[in-house]
Amino acid sequence: MKCVFCKQGKTHARKVTVERHNRAGEPIAVIHNFPAEVCAVCGEEYYSAKDWQKAERLLAKSPVKVAKVPVYDLRP
Ligand SMILES: [Zn+2]
């Protein structure tokens, strides 16, 4: 499909890594091998509602691993 973001590139099917965020914008889960259509020009990623539903079911289960990450704040 044609990218609706940059209106120039075409998208290609790829497997990407996506982050799920909470209301504060902090990542709460990482999902590898998420199917996406990725724009060859601007890199915008498009996902299907069906795949998000699949991911929601997956998030209810135990993750393959849990990683703790440090959080920083660049406010002066
Ligand atoms: Zn694009």
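**Strands and a zinc site**

Me: How many bridges join β1 to β2, and how do the two strands run?

Reply: There are 10 bridges between β1 and β2, and the strands run antiparallel. Strands here (E, at least two residues) and helices (H or I, at least four) are DSSP runs, numbered from the N terminus. Two strands pair if DSSP finds at least two bridges between them.

Me: Where does this model come from?

Reply: This is a predicted model, where local features need pLDDT of at least 70, side-chain atom pairs count only at pLDDT 80 or more, and totals for chains, interfaces and linings use all residues. Residues are numbered from 1 along each chain as its sequence is written, and side-chain values use heavy atoms, with hydrogens and water left out.

Me: Back to the strands. Which residue in β2 is the bridge partner of Arg14?

Reply: Ala36. Likewise, Lys15 has Pro35 as its bridge partner in β2, and Val16 stands opposite Phe34.

Me: What is in the turn between β1 and β2?

Reply: The two strands form a hairpin with 5 residues between them, and Gly25 in the turn has a positive phi of about 85°.

Me: And what order do the strands of the sheet have?

Reply: The sheet is open, has 3 strands in the order β1-β2-β3, and its pairing is antiparallel. β1 and β3 are at the edges with a single partner strand each, so one side of each has no neighbour in the sheet.

Me: How many bridges join β2 to β3?

Reply: 2 bridges. Val38 stands opposite Glu45 in β3. β2 and β3 also form a hairpin with 5 residues between them, where Gly43 in the turn has a positive phi of about 85°.

Me: New topic. Which residues are the protein donors of the zinc ion?

Reply: Cys3, Cys6, Cys39 and Cys42, each through SG, at 2.2 to 2.4 Å from the zinc ion. Donors are N, O and S atoms within 2.8 Å of the metal (3.2 Å for Na, K and Ca); water is not among the atoms, so sites may look incomplete.

Me: How are the donor residues spaced in sequence?

Reply: The spacing is C-x2-C-x32-C-x2-C. Cys6 lies in the segment before β1 (11-21) and Cys42 in the loop between β2 (27-39) and β3 (45-46), so this pair ties together parts that are 36 residues apart in sequence.
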